[in-house]
Amino acid sequence: MTILFKQLFSLLKLLNSETGQNQIAAGIAAGFILGMTPAFSLQTLIVFLCLFVFRIQMGMAFLACFFFKFIAWILDPAFHAVGSAVLEANALHGLWTTLYNMPIIPLTRFNNSIVMGSGIVAILLAPVIFFVSRSAVVKYRETVVARFKETKVWKMMKATSFYGWYVTYDKHFGS
Amino acid sequence: MTNTSEVKQPKKTAGPIRTGALVPSLILIALVWSYFFFFFDSHLRKGIEFGASRVHGAEVNVGRVKTSFWGASFEMNDLEITDKEKPEQNLVQVGTIRLSMIWDALLRGKVAVEDASVLAIQPWTKRARPGHVDPPPPPADPKAGLLAKAQEQVMQQTRAKFNENFLGDIADVVAGTDPKDQLKNIQGELKAQAAAEKLEKELTAKKIEWEKRIKDLPQPKDIQAIEAKIKALNLNTKNPLELAGNLKKAKDILGEAEAKIKLVDQTQSQLTGDITTYTNAAASLEKLAAQDVADLQKRLKIPSIDPKEFSTQLFLTMVEKKLTGVRKYVEIARKYMPPKKTPAQIAADKAAAKDDELIPRKRGEGRTYAFPITKGYPLFWLKKAAISSEINQTEWAGKASGEIIDVTTSPSDLGRPTRLHLAGDFPKQNLHGLDFQATLDHTKESAKESIKASIGAFPVMNQLFTPETSSVKLGLKEAVGSGSLTATLADQTVSMNIDSKFDKAKFDFDAKSGPVKEVLGAVLGSIPTVTMNAGVTGSWDKFNININSNLGQELSNGFQKQLQAKLGEAKAKLDTFVNEKIGPNKKKVQDALAGLSSGPGKALSGAKERLSKAMNNAKGAATPKGGGGSPAGGLLKGFGL
C-alpha cells in the first residue's frame, strides 16, 4: 500500500513537472492493456515485467488499469464477438491449431474469446492511447499547470517557509 | 563578496531502464527462490495430506515431499493411508513414490509423467498414533457431493435388506415371545384392508354409474318404432321413382337402428373391461395380504430360518463395504477420467452455453475454444508407473510388482484405457497371492470398468458378523481368509461376484439366551471352513444381492428344530390376524363385483338380445314381398340392404 501511495504521489509530482510525459503516457498505455485483459495470464505477467524493468509510471499504470477495467467490463460482449470471430475464422484455424500445440503459447489463454478479443483491441489501440495521452499531458501542463503557477495562491504558498522545507526535503530524499 | 545563492545543477536525465529496481528485483527473486526452496515442499505435502484424507475418508500422512524445478520431478516418501476399520494401523504404507514429468508438456500447461515408480509397499503397518477417521456421511442430503450420493444410493438398498439384530430376534423367538400380544397393539390399517375398502367404494359407485348408463341406452321399443316406420313405407309400388325414394328412406332408418345397436355393443365391451379390471384388482388383494403378513413379520421381528436369509444377514455388511468401495472409486475415476461425451450431452452443453449468452457474462469468462491436439498432451497423463517392492527394503515391505498404465484426464483423446495390475506377497503380514487387475475403459461414450482381484491367504482377526449392539454376538476370532472379487461395470449397470473362504476358523460367539448359545456352540464347532459367495446384479439404483454361505445353511439347520414349530405358529397367527382383518372387506368386494356382473352386466346382455331381435324384424319389414328376383329386390341390393 505504501508503494502504491508513493507511486501516486510521484505521479502527481511528475504530472505537474516539466518532464516525464513519455513515462506517464506509457503508464496509461500499459494500464490500458492490463485493464482490458480479463484475467491473469502470461501477457499480464509480461506487462508487469515491463512496468518493473522500464521507467514506466506505475501509479499511472495502476490508475489507468482500474479505470479501464470498468470500461472493459462494459465492452466484454464486443470483445467476445471479436475474439469469437477471429478464433472461428476458417482461414486462421491452422494457425490457432499450431499455436494450441506449441509450448508456452497456450498459457496466454489465447483460445478464450474474451482474452483474444480484448488482446487484439488492446494491442491495436495501445499506441494510439500512448500518443493521445502524451499530447494530453503536454496540453494539461500548458494550460492547467501554467495557469495555476500564475495564481496568487500558488505564489503565496511558494513564499512560505513550509514550501522551502519541502523543496529541501525533496532534494535530499525525493525520488 | 561571496555568492550565497546555490547554482542549481541540472538533474541527470534518467534512462528508460529502471536501474533502481535491480536490487528489489534481486530481493524478490531471492524471496521466491527461498519460498520454493524452504517452504513449497512442506506446503505441497500438507495439501496432499488434506486432499487425500478427504477423498479416502480417513487420515493420510506423507512423510516427505521433494520437488525439483529443473528436473521436473516429484518424490514422496512414507505415504501412510489409515485403515478405516482399524485406525491404529495403516491400510497401506508406501516407502517412495517417484515421478518425473516432461518439460515439453509442462510448457504447454499439461502434466505428463513419462515414468513413475512406487517402491516399498507395506500393508497393515502399525501407525505411530491412530489415524483420524471421518464420520460416516449423513443421510441423503440433496446438496451432498457426488461420492456421498453414490454411496448413499448403494446403502439405501442394502440397509432395506438388513436386520441389525437378526440373531437377537431369533433368540427372542427361542425364548418364546408370543406375537399375539404385540398384534393387539397394532392399530394401523393393513395394506390389503385399505385396498379392499377403496375397491368396495369404487365398485358401488361403478354399479350406480352403469345402471344409469344402461337406462340411457336405446330400448327395444325404439327399434320397434323404426320397424313401424319401415312398414309404413310402400316398397311394393310399381312406380320406380317412388320405390327408389322409399328404399333410400328405409336404408337411412336401418342405418339409424344399426348405430343404436353399435352403441349398445360398445357399452357392453366397456362394461366387460371394467369387470375384468376389478376382478384382477380383487385377486391382487391376496398378494397384498401376503405382503401384509411379511411386513408384520418384519415389524414384530419374527425371523426367517431360511438359509439364504441367514447368509444375507451375516455377510451383508461385508458385501456392502465392498460394493460401496467399488462404487466410490469407479465414481471418482469417471469424474476425473470422463468418458467421451454422447451427442446428446454435447447438444445439452451447447444449449447451456447458449443460455449463458443471455445472462451477462462475468468478466473474463468468455468461451474457451479447443483445437485439435496434433502434438500435445492431455491435462494429466501418467504414461506408466512401475510398482515394485522387495522384501529387504524395509521391515514390513513385501515382494510386489505391477504397473499402472495410461492414467489420464482425457481418455477419449488418448484412446487408451487405463490399466492397473498389482501382484505380490507380504510374508510378514501373512498376506499371500495378492493379485489385482483393473481396466477402466473410458475411451468411448459408454464407460466400462472391469475389476478382478484375488488373494490367496490373509489373516483374519476379530471379525464380527453381527453389529456390536446385537444381543447375540457372532464372529471370527481367528481364521485364514482367501477370496476373489470380479466386477464388471458398464454405465449404470453392475455385475459383481465375491467369493470368500475362511479356513481354520475359530469362532467368537456369545448370547444371553442359554439355548441359543448351545445351538451356536454345536453348529460352529462342526464348521472348520466358512465359505461365502455373493452376487450383485442390476443397476446402481436397483440391484439384487444374492448371498450364500455354508455358515448360513448350518445355522439355519441348527435352529430349524428349535424354531420351526414356534415360527410356524407365529406365522399362522399372523395369517389369521390378517385374514380376520381383511376378511369382511374382501367379502364385500366380492359381493360388489358379483353385483356388477349380475346386475348391469345381465341387464345389458338382455337388452342387446332384444335389440338384435327387433333389428332382424325391422330388416324383414324392409324386404319387399316380391323377393330378390323382382325389380324392387334388385334395387334393394343396389342400396346395400
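In this predicted model, the crossing of helices H3(B) and H9(B) is right-handed. H3 spans residues 146-161 of chain B, H9 spans residues 307-336, and the two pack with their axes 9 Å apart at an angle of about 160 degrees. Angles over 145 degrees count as roughly antiparallel, and H3(B) and H9(B) are therefore roughly antiparallel to each other.

From H3(B) come B:Leu146, B:Leu147, B:Ala150, B:Gln151, B:Val154, B:Met155, B:Thr158 and B:Lys161, and among their partners in H9(B) are B:Leu316, B:Leu323, B:Arg327, B:Glu331 and B:Ile332. By class, the contact of H3(B) with H9(B) comprises eight nonpolar, four polar and six charged residues.

Turning to where the chains meet, 25 residues of chain A are in contact with 24 residues of chain B. On the chain A side, at least two residues each are supplied by H3 (42-53), H4, H5 (93-100) and H6 (113-150). H4(A) gives the largest share, with six residues. The side of chain A that touches chain B has 15 nonpolar, eight polar and two charged residues.

H4(A) also deserves a look for its course. This helix runs over residues 58-88 and has 31 residues, yet its end C-alpha atoms are only 36 Å apart, whereas a straight helix would reach 45 Å at 1.5 Å a residue. Within H4(A), a kink of about 60 degrees lies at A:Leu75, shortly before the proline A:Pro77.

Methods: Residues numbered from 1 in each chain as written. Chains lettered and ligands numbered in written order. Predicted model: local features only at pLDDT ≥ 70, side-chain atom pairs only at ≥ 80, totals over all residues. Helix = DSSP H or I, 4+ residues; strand = E, 2+ residues; numbered from the N terminus. Expected span 1.5 Å × (residues − 1). Bend = angle between axes of the 7 residues up to and from the residue. Axes fitted to C-alpha atoms, helices over the stretch in contact; angles between N-to-C directions. Parallel < 35°, antiparallel > 145°, perpendicular 65-115°, else oblique. Left-handed = near helix turned anticlockwise from the far one by under 90°. Contact = placed C-beta atoms within 7 Å. Nonpolar A, V, L, I, M, F, W, Y, C, P; charged D, E, K, R; others polar.
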